Amino acid sequence: MSGAQESTTHPAQRIQYAFTEEQEQFRAALRRFLDDKSPPSEVRRLMETEPGYDPAVWRQMSQELALPAIHLPHQYGGSGFGMVELGIVMEELGRALLCAPYFSTAVMAANAILNAGSEQQKAALLPDIASGEHLATLAVAELGGDWDPHAIQLRATPAGDGFLLDGVKSYVLDGHVSDLLIVAARTAEAADGLGLFVLPADTRGLTRRLLKSMDATRKIARIDFKGAQAQLLGSVGAGANALARTLDQAAIALANEMVGGAQKLLDSAVNYAKMRVQFGRPIGSFQAIKHKLADMLLDVELARSTAYYAAQAAAVEDPEWPALACMAKAAASEAYLRTAIDCIQIHGGIGFTWDNDTHLWFKRAKSSEVFLGMPDYHRELLMQRWRV
Amino acid sequence: MSELSEAEVRDEVRTWLKANWDPNLPLLEWRNKLADSGWGMPHWPREWYGRGLPPGLVRVVEEEFAAVGAVGVLRGGIGRLAAATLLEHGTEFQKRKFLRRIITAEDTWCQLFSEPGSGSDLAGATTRADFDGTNWIINGQKVWTTSAHHAKYGTLLARTDWDAPKHEGLSYFIIDLKQPGVEVKPLRQMNGHASFNQVFFTDAKVPPEYLVSRVGNGWQVAVTTLAHERRFADGLAAPTRRGPRTGRIYDEERAELATVMEPYKWYPQRAGRVDLVIERARETGANQDPRVRQEIAKLMTLAKAAEWTSRRARAAQRRGRPQGPEGSLGKLAASHVARSAARVHTLITGTAAMLTGEDSPRNGVIAEILVSVPAVSIAGGTDEIQRNIIAERVLELPKEPRFDTGPFRNVRRN
Ligand SMILES: Cc1cc2nc3c(=O)[nH]c(=O)nc-3n(C[C@H](O)[C@H](O)[C@H](O)COP(=O)(O)OP(=O)(O)OC[C@H]3O[C@@H](n4cnc5c(N)ncnc54)[C@H](O)[C@@H]3O)c2cc1C
């Protein structure tokens, strides 16, 4: 397509419904890496540790595969790809249930810096994230667990050349191991009332506590701020938009992760149905099981379509993309949980045991369903964004 | 023949349309041009009125036709299924005799598969065909036959061997319906329309050159037809035509729609009319109700997801990739969309959903949705049969035990 033509077409016309050969090859290489590094035995080992990840694997992911850099621009040490490639990474991580601070660091924090930071801040902060040197996270929700930015209460008050943060954040992904915190806070200085602030995790005046998470593969922390010194990311008044954009990107990334997990569960249910014999025949020959599996496949494929489409739309900056982010998050989280429930059902009693791996993905499905907001919250947001 | 790129195809069709499209042509003359040039059925082979394009590029041609408002071949209708089947299994004689007139829509067709005793289980057909030395003589009954009341030809599945196992005793014929041995009786549907029929055969005649493929190979041929039918059911609409619709050709097309396409005029309603949902919510004020908003969002998500899933299937095809599971889900997804849409329309419409005809909102359209949607999950293979197919062919789950083996004569039936 010629450049001239491209500039006149609507972004939606540049949306691809199939991955390119390069993208498929990238996915295949990543899948081989994860099959090797994140078998269920490793997931089980790491989820019992406090940090919750293996620094050696993180180093390989960062240095050999450059995963935290994938969507970051070249000038900040990134690889210059976009939402589609990030979606591929998330899908594969979700499939393998990799225990690593990727979503927190590369998706939530890096995008927040990219969306809100000044040129200087981006140049200072992003290269260490791209290289995997620094772990980072974004703190949004508070004790009430509300993901609507209007609910943010943590206060930022000007002090010297920076701000002091006071309040409590909770449900902070990997907050206990992050080197760098990005905090969404309320400030009277900004017209939109919100700002994104950055501070090192060892700043005086903040305490972190690892919470017991039901999904042990995903660590969450509570962080108390008492006059902790922080810098505003970017300029006053741009916080709310940057936060909204960051959360929408996170929703798309999470939707893709969920699709990867759901497919894994479906595969496992299909395999079990072919193998398990009752009444002298494989249970997969019973129509009740067959039809359930066919419905699960449809469910997963429909969710996949929303997750892929939203990533494509974001990549080409189709103005629709924030609405589609909500759609994808709601669709994928419901499909994931349904698939998990049905996968347990198809496994029967063994599906309810700790030794069977299904519950690992079930719990990830549950935590992903509520993280960033429940499906009904996202559907309401979709309706608002469509001005219904 | 080397692979043409999307841009090359676009260029070619544009140039051809520029030179040939004229809204003042008689419809038949235009359709003949489509047959001669291959642009009517671009994925058909070159020697048979096509251009040999990969099916994935058909959309490009449709888009270019739509961009200038050009009329294409008849989009709905059984003729296409018959044609796809003949292209695969038909003889030279059959292709020459039938294909062109399907493109021009001079002949319309129907599909004589279902019988009172066998619908999902099509291979259980008991309509018989016996050879009398000159012709095949047909006796029996078909049912739910859409368009039989105006069709010239039908594709007929009939039993030619009662001692062979069920699937091996069938043969596939083309039958001329305009003959004394064929009686067509319209059947009224629950939505008041009568687009399908009962068809009775009493010593109806089929000449031997109308047998498609071999005697006893009818099931294999029918499977081809059904595979095409499922593929057409992916719910993707034609691109919207642009431009003013004035000119002789449009008048003739409207007349065609009013007759040949009459049986299908409720089909948009049976698909659920998702396009009306948000408008209706606004005009009734239901858009203020958080419960309704949730349901609308769910429906729109489902409808979009179904559309994108079909597009993914086509894009993979366009790239020459093996078909993934997404290619088999369109029909089942379309059923879900339609059913959810009917539910949401009811939620929006409230008590007025009790009304029909001009007393019902939108002059009866809403009522027609509610009483037409139940067809989607039955026609063209029920949802249950779709699930069987998905489970066994896509997920490769083991087949169920069978009770219909051995000579058909001894198989239990209705
Ligand atoms: C609007 C409309 C248009 C139609 N047009 C045509 C046409 O043009 N030509 C034509 O030949 N036919 C046509 N049909 C017929 C249609 O294909 C059949 O109605 C359909 O395949 C179901 O067959 P049946 O009605 O005999 O139901 P049955 O096969 O008796 O099914 C009854 C119920 O049993 C279930 N069932 C059956 N077998 C199984 C199984 N193996 N596993 C699980 N559940 C099962 C079905 O899903 C269904 O719920 C049309 C139907 C409709 C509604």
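Colleague: By class, how many nonpolar, polar and charged residues does the shell around the ligand have?
Modeller: This is a predicted model: local features need pLDDT of at least 70, side-chain atom pairs count only at pLDDT 80 or more, and totals for chains, interfaces and linings use all residues. Residues are numbered from 1 along each chain as its sequence is written, chains are lettered from A and ligands numbered from 1 in the order written, and side-chain values use heavy atoms, without hydrogens and water. With Ala, Val, Leu, Ile, Met, Phe, Trp, Tyr, Cys and Pro as nonpolar, Asp, Glu, Lys and Arg as charged, and the others, Gly among them, as polar, the shell comes to seven nonpolar, ten polar and two charged.

Colleague: Which chains surround the ligand?
Modeller: There are 19 residues around the ligand (a heavy atom within 4 Å). Among the closest are Gln287(A) as well as Ser120(B), Trp144(B) and Glu384(B). So the site is shared, between chains A and B.

Colleague: Which side chain has an N or O atom 2.7 Å from an oxygen atom of the ligand?
Modeller: Asn388(B) puts a polar side-chain atom 3.3 Å from a ligand nitrogen, and a polar backbone atom of Phe113(B) sits 3.2 Å from a ligand oxygen. The side chain at 2.7 Å belongs to Thr382(B).

Conventions: A polar contact is a pair of N or O atoms within 3.5 Å; within protein, one must be able to donate a hydrogen and the other to accept it, and residues adjacent in sequence count only if both atoms are side-chain atoms.
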